[in-house]
Amino acid sequence: MTDPHALKVADTVADLLADPDTAPMSPRTMTTDRQQLAYGPLGIALLHIERAAAGLGPWQRAHAWLAAATQQPFTSGPDSHPFYGAPALAHAVACAAEHQGGPYQRALAGLDAQIDRDVRRRLDTAHRRIDASGLPELAEFDVIRGLAGYGAFLLHRDPHDPTLNKLLHYCVRLTEPVAHDGEILPGWWTTSGPSGRPDKRFPGGHANNGMAHGISGVLALLALAARRGNTVVGHLEAIRTILAWLDRWQEEGGPGVAWPFWVTRAELRKGRSVPFAPRRPSWCYGTAGLARAQQLAALTLGDVHRQVEAEAALVAAVTDSAQLNATTDNGLCHGFAGLAHVAARTAADAHPSTVAQLRAAIPALLSTVCPPGTEPATVAKALMQDEKAGPGFLDGAAGIALALLSPATTSPPASTWDSCLLLA
């Protein structure tokens, strides 16, 4: 069943962002944030790429935003990462190239070569760190800045790419335990806080469980690669290792199970996390992202029981008023539109026993973003005027409009725009 109101809001946002020369946005979008997939013109281009691929808008809008973004060179090499610089540009161009070849395919050839070099350099550094029994930084392996994010791109381009195989071998090594300061730690333990910087609130560091910056992003990558027929030595064992860790820290609270955003050294020593308190069930941190990653892993392993448990956890999270009250914005990354999109993606692969519950939860999420009885133009204008969120992809209007499309139509995306989130 479609949601015409949500679709009209998405249409209106797209119309407001039709032309980079006239779109109502801060100059920051095209200057400071120009190379940022999360906040800049590339994320807005993704909205128009998806709409054009689905037959909802003209390709010219996507071309205009990509052209505006590339009027100056993009950063590559060590100073770039999946959401910044040349790799971010490559994701947007690859999404367009699937439907519009020609110049996009030619541009991708150079970007592919650069990314291959960057990934191999990062892998060499990571393996040297592992060989020395060191602990990683979050930016080594996460989705936003690290190798899981590069893996998402390589998987999108070619599931059997040789460099992707090397990256999957690294993911397997990442799950091997490390002896550090007289304790055995999971291989993804980091000495920093969740920001990636030293943090006095996290003495001894932490293990990050999230999709954006933690081990669930690696889990999703391993599962998606296996589902596309690419496994390496130790691949399934690595998936099981991550699942066992998440099982260990699974919390019974509220109407369903949940997982802590992270585990501290004190919690690791005690063998338990702090008592459950309602938290936002977002893609980046929270039950939505973790449940999708676990569902993908369960489908890979043929574990129906785990699949149903993961799907039920998502149903509980997106229907629990306490957790929804902890969700304070509409964005893709950690807001209501993102929850609707994750629920739609999860429902598309769901077990018959949970699919109806997942789909039934979506209309209320859409109604939170697009309240019934409101004018679509009013809602779209409010989204565009949110200066803190901006017009971009992760937090802003373009990402919200993108995230509304599949839940509002029950159809999967026509492009692979959300592959950078490791949702599919």
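1. Buried is used here for a relative accessible area under 20%, exposed for over 50%, and partly exposed for what lies in between, with a 1.4 Å probe and protein chains only. The model is predicted, so local features need pLDDT of at least 70 and side-chain atom pairs count only at pLDDT 80 or more, while totals for chains, interfaces and linings use all residues. Residues are numbered from 1 along each chain as its sequence is written, and side-chain values use heavy atoms, with hydrogens and water left out.

2. Seven aromatic pairs are found in a search of the whole structure, where rings of Phe, Tyr and Trp (its six-membered ring) pair if their centres lie within 6.5 Å, and planes under 30 degrees apart count as stacked, over 60 as edge-to-face and the rest as tilted. One of them is edge-to-face because the planes of Trp-262 and Tyr-285 stand at 85 degrees, with the ring centres 5.6 Å apart. This pair links distant parts of the chain, 23 residues apart, with Trp-262 in strand 6 (residues 262-264) and Tyr-285 in the loop between helix 11 (265-270) and helix 12 (287-301); helices (H or I, at least four residues) and strands (E, at least two) are DSSP runs, numbered from the N terminus.

3. Trp-262 is partly exposed at a relative accessible area of 26%, whereas Tyr-285 is buried at 10%. Elsewhere, the charged end of Arg-34 sits over the ring of Phe-74, 4.9 Å from its centre.

4. Phe-393 and Trp-417 also form an edge-to-face pair, at 5.9 Å centre to centre and 90 degrees between the planes. Phe-393 is in the loop between helix 17 (376-384) and helix 18 (397-409), and Trp-417 is in the segment after helix 18, 24 residues apart. Phe-393 is buried, with a relative accessible area of 0%, and Trp-417 is buried too, at 1%.

5. How many residues of helix 4 are buried? The count is 12 of its 12 residues, among them His-91 and Cys-95. The cover over these buried residues includes helix 2 (41-53), helix 3 (59-69), helix 5 (103-131) and helix 7 (147-157), where contact means heavy atoms within 4.5 Å.

Definitions and conventions:
Lys NZ or Arg CZ within 6 Å of the ring centre and 35° of its normal.
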